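Hi,

Here is the structure I promised to pass on. Could you have a look at it alongside my notes below?

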Amino acid sequence: MATAPEQDLPYDVFSRACPSRATLEHVTGRWGSLTLGALYEGSFRFNELRRRVDGVSEKMLSQTLHALERDGLVHREAQPTNPPRVDYELTPLGREVAERLLALIRCVEGRMDDVLAARRRYDEARPEESPSR
């Protein structure tokens with residue numbers, strides 16, 4: 001007897017207490033999604049990753065990497081060298097999540113002309129509400 005797919009899932013991200021909500025936040029937040037997307041390209045050292053994710057502070061990247069590592073999406077490899085070398089790469093789960101994020105990123109990038117046109121129309125119709133840029 002088949003059941004609805006949502007009934008088979010033990011977690012509900014729409015529920016306030018569901019632990020999947022925190023992971024979704026880590027993955028879809030600005031720095032989480034950009035970090036996962038960058039790591040999809042391969043292994044990075046911390047400063048290489050910071051340069052790749054333009055605009056992220058050292059503190060925010062560190063916090064993001066810790067959260068993603070805790071969620072099992074990123075693997076941190078510390079080499080016992082002098083000076084210490086630390087590399088970050090995606091776990092198999094992280095690669096799966098990053099692939100899905102990259103599809104969304106490509107969709108958004110590919111439709112930016114439409115988004116920008118919609119913004120212009122919106123701003124022209126509501127000049128008093130438009131953000132000043």
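Let me start with the second largest pocket, which holds about 200 Å³ of space. A pocket here is an open set of points on a 1 Å grid over the protein atoms alone, where a 1.4 Å probe fits and protein lies on both sides within 12 Å along at least five of seven lines; lining residues have an atom within 4 Å of a point. The volume is the space filled by probe spheres set on the points, which are joined across faces, edges and corners.

This is a predicted model, in which local features need pLDDT of at least 70 and side-chain atom pairs count only at pLDDT 80 or more, while totals for chains, interfaces and linings use all residues. Residues are numbered from 1 along each chain as its sequence is written, and side-chain values use heavy atoms, without hydrogens and water.

Back to that pocket: among its lining residues are Ser33, Leu34, Arg52, Asp54 and Ile105. Helix 3 supplies the largest share of the lining, four residues. By type, the lining has five nonpolar, two polar and four charged residues. Nonpolar means Ala, Val, Leu, Ile, Met, Phe, Trp, Tyr, Cys and Pro, charged means Asp, Glu, Lys and Arg, and the others, Gly among them, are polar. Helices (H or I, at least four residues) and strands (E, at least two) are DSSP runs, numbered from the N terminus.

Helix 3 also meets helix 5 (residues 58–70): their axes come within 10 Å and cross at roughly 75°. The two are therefore roughly perpendicular, a label for angles of 65 to 115 degrees. Axes are lines fitted to C-alpha atoms, for helices over the stretch in contact, and angles run from 0 to 180 degrees between N-to-C directions. Trp31, Gly32, Thr35, Leu36 and Leu39 of helix 3 touch Met60, Leu61, Thr64, Leu65 and Leu68 of helix 5, with contact meaning heavy atoms within 4.5 Å. That contact comprises seven nonpolar, three polar and no charged residues.

There is also an open sheet of three strands in the order 1-3-2, with antiparallel pairing; strands pair if DSSP finds at least two bridges between them. Strand 1 and strand 3 (residues 85–90) are joined by two bridges, and Arg45 stands opposite Asp87 in strand 3. Helix 3 packs on this sheet and touches strand 1, strand 2 and strand 3.

Finally, the largest pocket has about 460 Å³ of space. Helix 6 gives the most to its lining, with five residues.

Best wishes

Terms used:
Parallel < 35°, antiparallel > 145°, perpendicular 65-115°, else oblique.
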